[in-house]
Every structure is written in structure tokens, then in C-alpha cells.
Amino acid sequence: MDIYTSFAIITLAALVHASFQLSVSVLTLLRSHAIGSKKSHTRTLRLTFGYVTGVGVMTLLILTFAATVLQRFFATDVPALIWAITCGLLVGVGFAVWIFYYRGEKGTSIWLPRSFARHLSDRSKATKDSAEAFSLGLTSVIAELVFTAAPVLVSALVIIQMPAEWQPLGVAVYAAISLITLFSIWVAVSAGHRMSEIQKWRENNKRFLQFASGSALAILGVFVYVCTLMSEMAGIA
Amino acid sequence: MSGKSVDIVKRGGRRATEAFEEKKLRASILAACLSAGTPVGHADALTQTVTNAVLDWLDTRPEVTSDDLRRTAAKHLSTHHPDAAYLYEHHRNIL
């Protein structure tokens, strides 16, 4: 797999990761509670920045952890069976996103068990300083692992096959792209866009986002299958 | 409302009924107004207007559900500030 293909896979996987909505929902709640409780603009910015940083750090940690474990097991020679399982996982999670990601009710409620959703909602309301917001960011990434595990896994497999000098860049590109949505919303609300506008946009476009995320995962699965297994069979790996 | 107590049946009837607290209603309406970007003074005035309307509605009822209370407050708020009413009504459906 050449370096361009590797970065293409990492970029698409990170875009799918960015399209998942749990972190965005928690940011929306955190921001709403902060404004609603009359916290100053600077304090609200500090809280939400702490949250975005927490999400970024946990994404980096999970990706590097996955890459380290996989490298320990397979070095740079990943067996065809592991690629096949990963491709199947990507397609399977893609279908799961189409079917399960959003609940069939008004608003932007997602698949998350209601007790966990209540916990995150209560924590976002109780968050008073940046350190708490940071840990809320860490938690929200872990909560979404059911869906983000597939893009993280394929990116980790691709990263361990890259030359050593490119690997840190691969990790950085994934983390940066996966934060695009969250960072854009953080910038938008910091610039004065109303939460109601953003929430309405999210609600109106949730089915499109769900379809796009699921389709992108399935396409990624097929693309990785063609790039690894089929090219290996054809002897051009 | 003439000081009589009203019982609030919590969401889905799964949690214990609790007495109505005007302070909680006021705080939730104010939070929705502020989240929708309303200036503090205007938000306070809207909160007062909507709270009074909800208190009038409660006057003839000994018991209401929390969902009915939320819907009624959102209905009155929507005539003054649709964005705040949207946030108020859908707050629980964000996550």
C-alpha cells in the first residue's frame, strides 16, 4: 500500500469518525448549560475548549493504543485474515449506523442507552471548570467507541504499515480530521451563532448525516478490501 | 396561582411525584432564553410573562405531568421567542 493510499484511508476513516454526533451533542449541552447559568463568555469558552481538548486527547490515546497493540502482534505484516475481519467490521458497522444510529423520535437522540445519556447530560450540567470539561470530553469518546472502533482499527492497521517517519503524521492527520466537526461548532458558537440554529440544523440533517456515515463506512470497507486483499491476490501488493 | 400546591407527575410515571416549584420552572425558562442568545433583561421579562401564564394554567389543576407542564410552557414561550421555545421543548432530546 503506497503512502497516498494510506493517507486516503486514514482521511476517510477520520471523516466518518467526525460525522458521529455524540461529542457534538455533549458540546451543545455543555454550551447551553453554561450560557443558561449566566457564566461569562470567557468562562464558557474555557469550558468548551477544555471539552474539545479532552475529546482530541482521548482520540489520540485510543488510536496510538490500538496501533501499539497491533504492531506488537503483527509488526508490519498484517495477516490477510485480520484485513478481512476489519473490512467486514467496517461494512457491518456501516449497516448498523444506517439502522441504529439515531432513535426514531424528535430531536437528535442517538442510540446511547438512556441511563448513560442521562449521566452525560447531568455531568454536562454540573461541569464548572475546565478540568471537569476535559474529563467529560474523554468520557464522551469512550462512550462512542461502539461505532468509532471500526474507523480507528482500520487507521491503526494502515498506520503500522507506513514507514516509521510517516506514522506520527498519520496519527496527527486522523486526530485533526476527526475533530473537524467539533472544532467547527466550537468556532461557530464562539463567534456568536445561536445554539438553537445549530441544533435545528443538526435535527433537520440528521438522516442525511446518518446515511452518509453508514455509506462511507461501507465504501471504506470495500476500498480497503480491494487495496489489501485483492491486490495481494493479484500479486501487486 | 393562589398558593395551593400542585403535584407534578414525573416523566413516564416512573419516578415519585413531587410538588411544583415555581423557582425550577423560572430557572428552566430563563436558561432556554439565554441559550437562544436573548439578552439578560429581555430573558428576565420573558421568563416572568411565561411563568405567569403557566401559573394561571396550573390554577385549576391539582396534578399535572411534567411533560404537560413543559409543553404548556413551551407553547407560551413560542409566541414570544420561537428559538427559545424550541430549545426548551427539545432539551431532553439533544443526546
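A: Where chain B meets chain A, 12 residues of chain B are in contact with 24 residues of chain A, two residues being in contact if their C-beta atoms, placed from the backbone, lie within 7 Å. On the side of chain B that touches chain A, helix 1 (22-35) and helix 4 (82-90) of chain B each supply at least two residues, and the largest share, four residues, comes from helix 4 of chain B. Helices here are DSSP runs (H or I, at least four residues), as strands are (E, at least two), and they are numbered from the N terminus. By class, this side of chain B holds seven nonpolar residues, four polar and one charged; Ala, Val, Leu, Ile, Met, Phe, Trp, Tyr, Cys and Pro count as nonpolar, Asp, Glu, Lys and Arg as charged, and the others, Gly among them, as polar.

The model is a predicted one, in which local features need pLDDT of at least 70 and side-chain atom pairs count only at pLDDT 80 or more, while totals for chains, interfaces and linings use all residues. Residues are numbered from 1 along each chain as its sequence is written, and chains are lettered from A and ligands numbered from 1 in the order in which they are written.

Within helix 4 of chain B lies B:Pro82, which is partly exposed, with 13 other C-beta atoms within 10 Å; a residue is buried if 20 or more other C-beta atoms lie within 10 Å of its own, exposed if 12 or fewer, and partly exposed in between, with C-beta atoms placed from the backbone. The C-alpha atom of B:Pro82 is separated by 9.8 Å from that of B:Cys33, although the two residues are 49 apart along the chain.

B:Cys33 also belongs to the contact between helix 1 and helix 2 of chain B, where residues of helix 1 including B:Leu25, B:Ile29 and B:Cys33 meet residues of helix 2 including B:Leu46, B:Val50 and B:Val54. Helix 1 packs with helix 2 (residues 40-58) of chain B at an angle of about 135°, with their axes 9 Å apart; axes are lines fitted to C-alpha atoms, for helices over the stretch in contact, and angles run from 0 to 180 degrees between N-to-C directions. Helix 1 and helix 2 of chain B are therefore oblique to each other, since angles under 35 degrees count as roughly parallel, over 145 as roughly antiparallel, 65 to 115 as roughly perpendicular and the rest as oblique.

The C-alpha trace of chain A spans about 65 × 35 × 30 Å along its principal axes. Helix 3 (residues 41-74) and helix 9 (residues 180-190) of chain A pack at an angle of about 175°, with their axes 11 Å apart, which makes helix 3 roughly antiparallel to helix 9 of chain A. Their contact is made by A:Leu45, A:Thr48, A:Val52 and A:Val55 of helix 3 and by A:Leu182, A:Phe183, A:Trp186 and A:Ser190 of helix 9, and these divide into six nonpolar, two polar and no charged residues. In the loop between helix 2 (22-36) and helix 3 of chain A is A:Lys38, which has a positive phi of about 60° although it is not a glycine.
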